[in-house]
Amino acid sequence: MTQTTKSPKGALFIKGLVLTIGALLLFAPFLFQDTRSLEVAARICIFIVLVASYDLLIGYTGIVSFAHIMFFGFGAYGAAIALKEMGPGWDAVLLGAAGGLVVSIVVAIAVGLLSLRVKAIFFAMITLATASVALVLASQLSGFTGGEDGITYKAPDLFKTANKLMVDADGKVARLFGVKLNGKLAAYYFVFSTCLVLFILCLRMVASPLGTVLKAIRENEARAEAIGYRVVAYRTFVFCIAAVTASLAGSIYAVWLKYTGPDTALSFSIMIDILLMVVIGGMGTMYGAVIGAVLLVIAQYYLRDLMGVASEALHGVPFLPELFEPDRWLLWLGIIFILLVYFFPKGIAGTLWDKGARS
Amino acid sequence: MNQLSQTLERFGGVYLLPVFVALVAFVLIGAPSSWVTLTVAGLAMGMMIFLMASGLSLIFGLMDVLNFGHSAFISFGAFISASALAYMSGWLGSAHIGLNLLAIFLAFSAALAFGLVAGWFFEVVIIKPVYHDHLRQILITMGALIVSEQIILAVWGGSPITVQRPAFLEGSWLFGNVTVEIYRAFAFVLGLAVYIALFLVLKRTRIGLLIRAGVENREMVEALGFRIDRLFVGVFMVGSALAALGGAMWAGYETLITPALGGEMMIVVFIVVIIGGLGSVEGTLLGAIMVGLMANYIGFLAPKLALASNMLLMMAILLWRPSGLKPAVK
């Protein structure tokens, strides 16, 4: 990490961009005053953490895991089941998050020790299989997880939309810059602050000596081992750290969404989203996680509308409207993804970062 | 103990594992007639999975390329043959067995041809630029998988498609009180034929010799003046075509296919090649048969466990032999 000594233009730009995104997210409820935007902002916060923790694995250590979403799901289901069984309350949230955390750590250690000794490719396959089993179990153990329908529950009282944080003279919800100070706002800031803390922890971790060791392992495993670092131990450790972070992010998301099901917390398409975000943003740059998550979540919510328009415009042309249908947005993202991996393997953040350094 | 293991080795070593599993299942199930039905189903399933997995395993063994997009060939094969069969539905229903055979032959040929062409395209355009870079390989082939899944959705739509079977493959044979579905027997025979053909090509021809030598030591074969990369394109094409054929047969077996088919099969295929040991055709066959048998037996004995059975099998085998049952010499 040499960017502290010299600050090339690209690096400054990236940092500025990330700070701007942070500021936008901080004031999101006041800047974009509708429910959908708030939903998007919260999703961005969660995915930044999820993608940053995945970046620890894929970008910094060079481990390809497809089980990241599984840990996210453990956290989400932990909180969801606790909130459902114990009723809305902070004790339920804490207990559920802790439960998810423990399951995540145990599974991460088991998978890590079993398969991190072998080649990267083996590990990718084994995590894929594990995650698919988790998904199947979640949809089959319906008494416990609600099956395909998922679980709906209530969040702690503080986050209820009807909850008034402040009341004005008439006893109605007080407004600040036209925004109702209700539980929804509290929930958003809960998501924002916890995600910020988790992201800063990730950032701190890669800047620490541990982060340097991880990069050494990524660059040359044999040499890292020869210097005296126990590669398997480090890999398992970082796999656990990433699992813990993902699990916490899952619990936060469960509290925010008040619903947990296979589609929101375990499905393989989310895993693909995470992968796209990491690669598009830039692997091994942490800031890339922010950029990738923002771009992709916004694309998810708004690109579909745009493609709907394109599909309408192409009406009458054979086959093309099919390709531009709103549901086909992944097709185009997939193509962009492949091109990025070919031509800009460092992603947006990595490429821009270097650009400044060269000039 | 040592003598026992030597005797076991002489009779086939790990190849006895499916037999052992079948015997245990026979004792547990008790009723011979259902045991036969389940075993035939398991063998048929294993053979189809073998077709899908053999290409993946060979490609990895020869070139150290793991194609995460392999399942795209499986689903394309399934959908293309389903469409072809639907197109020839008049022939399928006819009582004349020749027309039936011709229809299914044409449908499978369409899937095979697609596999060959798509495999060539995949190898030359998508994978060639990222040889020797595992991380980018995984990412690129994953991206290709996303794109091809979306293309399937765009072309065939998201709703399940019914696959028609030729009339002569419908129904089942009755031996006493044992029922054997004809399609399963057909799948088993076809799979076995492909395995024998693969085996002969690999063990009896010059190309097979080169492939096996390439799996064992690529640099040495190249140093002797052979163009391994050209050979590899061929192996990739054949592997993809076999996956497409496996998909086509699977479509007829399931009779109802959805675009999610590729993703589901990919997990099974991965488990099979991990169990069997990457790079070896025999290992893949063994792994596929084990998975097929276990899935059917456990589905009968303990339906609740069936979902995790593949996973448990993989864990048990990896603990016993970390590089698979019959890994290629490397």
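**Notes on the predicted model**

1. The contact between the chains takes 33 residues from chain A and 27 residues from chain B, two residues being in contact if their C-beta atoms, placed from the backbone, lie within 7 Å. On the side of chain A that touches chain B, the elements giving two or more residues are H6 (120–140), H13 (268–281), H15 (320–323) and H16 (329–343) of chain A, and H6(A) gives the most, with 13 residues. Helices are DSSP runs (H or I, at least four residues), numbered from the N terminus.

2. This is a predicted model, in which local features need pLDDT of at least 70 and side-chain atom pairs count only at pLDDT 80 or more, while totals for chains, interfaces and linings use all residues. Residues are numbered from 1 along each chain as its sequence is written, and chains are lettered from A and ligands numbered from 1 in the order in which they are written.

3. In chain B, the axes of H4 (residues 70–87) and H11 (residues 228–254) come within 7 Å and cross at roughly 50°, where axes are lines fitted to C-alpha atoms over the stretch in contact and angles run from 0 to 180 degrees between N-to-C directions.

4. A:Ile44, found in helix H3 (residues 35–61) of chain A, is buried, with 24 other C-beta atoms within 10 Å (the cut-off for buried is 20 or more). Leaving aside neighbours within four places in sequence, A:Ile44 is in contact with A:Leu25, A:Ala293, A:Val294 and A:Val297.

How values were computed. A residue is buried if 20 or more other C-beta atoms lie within 10 Å of its own, exposed if 12 or fewer, and partly exposed in between; C-beta atoms are placed from the backbone.
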